[in-house]
Amino acid sequence: MKKIECDILIVGSGAGGGTAARVLAPLCQKGKRVVVADVGPFYTHEHFTQREIEGVDLLWDEGGVFTKDGAINIIMGRMVGGSTGIYTGVTFTVPPDVIKAWAIPGLTYDDLEKRFARIKETINAHVLPDNFVNTNNRLFKKGVEKLGWPCGSIVINVKNCQQQGFCNLGCTVGAKQGTLEVEIPQAIKAGVEIIPNCQIEAVGGNKAWGTLAPAPPDSIPAKHDPGPVEFSAKKIILAGNTFGTSGILLRSKLSGMSPALGGYVTIHPSHTVFGIHPEVVEGFRGFPKTYYSTQFTESHHYYLETCFYYPFVAAKYIEGWGVEHKKIMRDYRKFMAILILNHDQALPTNRIVLQKGVPVLDYRIQKESIESLCHAQRSAARVFFAAGCDRALLPASAKVVLKREDEPRLEELIGPRHFILNKISIASAHPQGGCRMGTDPATSVTNEWGQVHGYPWLHVCDSSLLPSSTHVNPYLTIMALSERNAEHILETWK
Amino acid sequence: MEDQSKTNFIFKFLNQYLQRVLMAFAGRIIPEDREGDKVYPGADNPGSIAIIDRALSTKPKDMVLLIKIFLLFVEFSGLLFALRPFSWMSAEQKDKHLRRFEFAPLGKIRQGFWGLKTLVFLSYYSRDEIWPDIHYPGPRMKRLHPDPNLRALQTAPFKRQ
């Protein structure tokens, strides 16, 4: 077994792990060894091809991760850079009330706000200029404003974006300022070693055990030969996301571990829905996301955002099959698309469990989420029609295709009785929780600095820290919390 | 496993029988249709089935086994409802049979149908030759992929009338 000794081992390199690597990289100048081990391969943006089937190797289980009941498809990046390699760069700031409700001693919104501002500057997060707003986004704004609803501009972290339109298949020009482009190169430059293709199975007593797999073609290999590996480190920071981090801790069977381990997972259940406009929209060209609406955030717990996806994913999100479905797809270039994002409640019963050693999410979608998603579909239909679409495609509808004349009957046509689990497509790209922060080990896994209760050498810096849903796309919050936790490690380093 | 006769596609997971059942399934999820003189091919095409076979190579063994079992379930449950296997049914009978799965009372059966249907969508809409039918211009960059076989599956031509 290969043995690697280091001062700090960071497991994962996404929004959390990449940020921790950047913060802790200065230790390298003091002769300390900082290592990042990631389960995924180390591709540069030269690898991305803008083809759907070739992009699935960037995802956990090639996009085939589902909740235990099979009802919800969880999409997560599995590569150096984690999910920041496949996100759209949407940089939302968590609402202050969420942080207040967490009630974590010392964690104030003021402190996070300063971090948000600094991180946003580092990753060039900004509102995109008008020439970045494609037709799909313009139609969304038109529809939402016609209904008298608020329409906000999404802050996006891109630099020298060429508006290729393939953000979710990996940015081919490296414009998206995720950890693959920003934090990881900074960390490498400072002396941090990246070990890709390294699956950590368990931790215990300042050690971590795993397996180093061969590097796939076209990726940067580790400096070590494939095979079993044992890390020894003064500090181990888990940053493998809700699934990875919870899975490592569950497999490790550390004594006195909180019963909350793996629990309180939220996922932002979401739908991508489509309208069909009489004119050509070509939402697949240009930047996919520039606007959102908070009209029903307080009252019904969801956001409406713009989005766009490629032919396979679009086909998957449209109900039905056969000639009717095929004819709908022929209008693909006229599609208008909206992403519905529900913020779900954190419940102890929605949790990561192990099945044959593999972390699986045992999650039951709540009645409130179903009602919220149905309400959101009716809202999306109204936006489509207000924007000029003559048809709308909603999953929890009595009809695959709703026509404009159906608009007065939306309450009757779209509702929970048509929301059939395992029949309709529900997705999630924002799993959070599993190692939630808090002060009481009975209800939290990590303390106010992300240290696992009772284990001073073991820390968490990723989405699993979040005690409840951030309501909005979470990666900026994950980065800020990871930065805070990593800074604490740095400040208390002996 | 063996190569399907009369094609150059290599199948590692689906034997000839399962290929035939999947072909019948795919042909109803995305059937051939016409508008005027133009024929739009269906997914009942060896190239599409080969993409599904390739997709299975990346899935855990348990999941591949479940997919195979589900395919056989689709095939032989036809005996209960139409006194013939699914792949022997008429188009109308097949559609009726598939709706039983789509709306089945058991979530696991609906999930099986959803999963297989999704694989058919992947196999069809990943193919370059289909993109003009949906007016999708494809990638903006012409980049090679390290797996030339995967690229070849996407660019393999349909036989159109």
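A polar contact is a pair of N or O atoms within 3.5 Å; within protein, one atom must be able to donate a hydrogen and the other to accept it. The model treated here is predicted.

**Exercise 1. Describe the boundary between the two domains of chain A.**

Solution. 
Step 1: Domain 1 of chain A covers 2-59 + 72-124 + 168-260 + 434-491, and domain 2 covers 127-158 + 270-343 + 366-420. Their C-alpha centres lie 32 Å apart.
Step 2: count the residues. Domain 1 of chain A puts 23 residues into the contact, and domain 2 of chain A puts in 20.
Step 3: take the area. About 1,700 Å² is buried between domain 1 and domain 2 of chain A, with 55% of it from carbon and sulfur atoms.
Step 4: look for polar links. Between these two domains of chain A there are 10 residue pairs in polar contact, both residues at pLDDT 80 or more. The salt-bridge count between them is zero.
Step 5: sort by class. The side of domain 1 of chain A that touches domain 2 has nine nonpolar, 11 polar and three charged residues.

**Exercise 2. Work out how much of chain A and chain B is in contact, and which residues of chain A lose the most area to chain B.**

Solution. 
Step 1: count both sides. Chain A brings 50 residues and chain B brings 51.
Step 2: give the area. About 4,500 Å² is buried between chain A and chain B; carbon and sulfur atoms give 58% of that.
Step 3: name the residues. A:Ile53, A:Trp321 and A:Arg330 lose the most area to chain B. Together they make up 19% of what the chain A side buries.

**Exercise 3. List the polar and charged links between chain A and chain B, then say which elements of chain A contribute to that side.**

Solution. 
Step 1: count the salt bridges. Seven cross the interface of chain A and chain B.
Step 2: The closest N and O atoms of A:Glu46 and B:Arg143 are 3.9 Å apart. The cut-off is 4 Å, so a pair at this distance counts as a salt bridge.
Step 3: place the elements. On chain A, helix H3 (52-55), helix H10 (311-317) and helix H11 (322-329) each give two or more residues to the side that touches chain B. H11(A) gives the most, with six residues.
Step 4: sort by class. This side of chain A has 18 nonpolar, 15 polar and 17 charged residues.

**Exercise 4. Find what A:Asp7 and A:Lys234 tie together.**

Solution. 
Step 1: start from the total. The whole structure holds 32 salt bridges over all chains.
Step 2: check the distance. In the salt bridge of A:Asp7 with A:Lys234, the closest N and O atoms are 3.0 Å apart.
Step 3: locate both ends. A:Asp7 lies in strand S1 (residues 2-11) of chain A and A:Lys234 in strand S11 (residues 227-238) of chain A, so the pair ties together parts that are 227 residues apart in sequence.

**Exercise 5. Classify the aromatic pair of A:Phe308 and A:Tyr332.**

Solution. 
Step 1: note the total. There are 29 aromatic pairs over all chains.
Step 2: read the geometry. The rings of A:Phe308 and A:Tyr332 are 5.8 Å centre to centre, with 50 degrees between the planes. Stacked needs under 30 degrees and edge-to-face over 60, so the pair is tilted.
Step 3: place the residues. A:Phe308 sits in the loop between strand S14 (302-306) and H10 of chain A. A:Tyr332 sits in the loop between H11 and strand S15 (335-342) of chain A, and the two residues are 24 residues apart.

Note on methods
Residues are numbered from 1 along each chain as its sequence is written. Chains are lettered from A and ligands numbered from 1 in the order in which they are written. This is a predicted model: local features need pLDDT of at least 70, side-chain atom pairs count only at pLDDT 80 or more; totals for chains, interfaces and linings use all residues. Side-chain values use heavy atoms; hydrogens and water are left out. Contact means heavy atoms within 4.5 Å. Buried area is the accessible area (1.4 Å probe) that two parts lose on being put together, summed over both. A salt bridge is a side-chain nitrogen of Lys or Arg within 4 Å of a carboxyl oxygen of Asp or Glu. A polar contact is a pair of N or O atoms within 3.5 Å; within protein, one must be able to donate a hydrogen and the other to accept it, and residues adjacent in sequence count only if both atoms are side-chain atoms. Helices (H or I, at least four residues) and strands (E, at least two) are DSSP runs, numbered from the N terminus. Ala, Val, Leu, Ile, Met, Phe, Trp, Tyr, Cys and Pro count as nonpolar, Asp, Glu, Lys and Arg as charged, and the others, Gly among them, as polar. Domain bounds come from an automatic or database domain assignment. Rings of Phe, Tyr and Trp (its six-membered ring) pair if their centres lie within 6.5 Å; planes under 30 degrees apart count as stacked, over 60 as edge-to-face and the rest as tilted.
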